[in-house]
Amino acid sequence: MLILNLFDLIGEHCSDRHESEQSKGGSYIRELILENWDKNDKIVLSFKGVKTATPSFLDESIAKLLLAHSLDELKRKLVVTDIEEKKKIEINRRVSFRLKQLQDEKNQPLHKTE
Amino acid sequence: MTHQSEIKICGRFGLGFHGNRDVVLECIEKLVSVKPKSTVKINMSELDFIYPDGMNILTTLFVNLLFFQKCSIDIIHPQNRHVSEYFTLARCDAFFGSSDIDIEKIFKNSYKLKNFRYVDDYEIDKLLKVIKSELDFSDQVQSDLHEIFAELIMNTRDHSLSEYGCFLNAQTYPTTSRIRFSISDLGIGIKTHLSKKYQDWQDSETSWVIKMALVDGVSGTNFYNNSGAGLHTFENFVTCCGGEFIILSENGFYKKISTYTEHFGRKIEEEKFDLPFFYPGTLVCATIQAKPGVKIFKRDEDIPPEYRLLDL
């Protein structure tokens, strides 16, 4: 099991999609998750100490994982901890948009892998 | 160079709450109608009160005149020393490098106009510190404000393609517990940006397109790079807090007011119209109530269960 602590990796403000002069962005977290995907049965993403997580950051780091893996694979692999309900809703919102857009692109109904 | 007639800036300069909207729009129209490569005299002697959005508007129009239209500007400075100082310092800092004078020490409830080219969390924290020193609001609202500033800065970087980044400033009004903030850029404008993806919108009213930009997920960028969440998050925040926001982009004007009373509950009013002139870029400004008990809700009933990653 791999634990990714966002506070240690990014800081108290997880704001930007991409790396800036000041900090690493959501794309860095997504790449870390993807690099470690096959090496770990579970990947824990901890929001402990994080004050700000913008919708764009959550989209880039978590929702865009759907470009590589299905929702069911994400559910099995990813554990999101120490997070308030409002941010959970925002993650679900970003995930739902990505899924709908992918579906529109493929023009086929959502499939479950199981 | 040809010489233009003098343009007077009105005494109370701001589009939003307590501003002087119609007169300010007339001033903007005159400033955007100046012929390229001409000399223009801008008379600010009567300028007595400038709001954050007014500051952004004048900065945007001055940058447009100086750098895009290649005009020369003669400025008659405001007679009001307070405004003159505020204006000079803020402009100085935005264009000509950091000023040695710390404006926050002079104007305790003001965050000076600042140029952002990326999401600078340190600067956003500094801005929020200025706001919080004067007003009492929860840590949750502070964190939401941080998110909104970050999202709006990302919007200007990723969508407007403005080479000057964006300008952000804010002011608190402790006696009425209000925060007013404003962000502007000199980029391609909301309609031009969205019409790249939604081509049918090219023939629509600009103010209607601005309204559509507030819908979650609407973005002109290829969806692999974007989510269209920025303006929606901003709108939700202002609506929950209570207050108003204005978006001025190209020739579109959009305003939304959210008020809450115990007796009538939440009331939302909207105003939108197209202007007879084009503003060079986009201005987003808001005035919000900063009450300690305010809660920012995120709705999730429209997310189908099979599209959810996390259980609540």
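Begin by selecting B:Lys70, which is found in the loop between α2 and β6 (72-76) of chain B. Keep in mind, as you go from stop to stop, that what you have open is a predicted model. The backbone of B:Lys70 deserves a look, for its phi is near 55°, a positive value in a residue other than glycine. If you then display the surface around B:Lys70, you will be looking at a residue that is partly exposed, with a relative accessible area of 49%.

Next, select B:Ser177, whose place is in the loop between β8 (166-173) and β9 (178-185) of chain B. Here too phi is positive, at about 55°, although B:Ser177 is not a glycine. B:Ser177 counts as partly exposed, its relative accessibility being 26%, and that value lies between the 20% under which a residue is called buried and the 50% over which a residue is called exposed.

For the last stop, select residues 21-32 of chain B, which form helix α1. This helix has twelve residues and reaches 16 Å from its first C-alpha to its last, close to the 16 Å expected at 1.5 Å a residue. Now show the side chains of B:Val24, B:Leu25, B:Cys27, B:Ile28 and B:Leu31, which are the buried residues of α1(B). Because they cover an arc of only 155° around the axis, they lie on the same side of α1(B). An α-helix has 3.6 residues a turn, so residues three or four places apart point the same way. Finally, colour what covers these buried residues, which includes β2 (7-8), β3 (12-13), β4 (38-43), α2 (52-68), β10 (243-261) and β11 (265-289) of chain B.

Note on methods: Residues numbered from 1 in each chain as written. Chains lettered and ligands numbered in written order. Predicted model: local features only at pLDDT ≥ 70, side-chain atom pairs only at ≥ 80, totals over all residues. Heavy atoms only, no water. Helix = DSSP H or I, 4+ residues; strand = E, 2+ residues; numbered from the N terminus. Expected span 1.5 Å × (residues − 1). Buried < 20%, exposed > 50% of the residue type's maximum accessible area, 1.4 Å probe, protein only. Arc of directions from axis to C-beta. Contact = heavy atoms within 4.5 Å.
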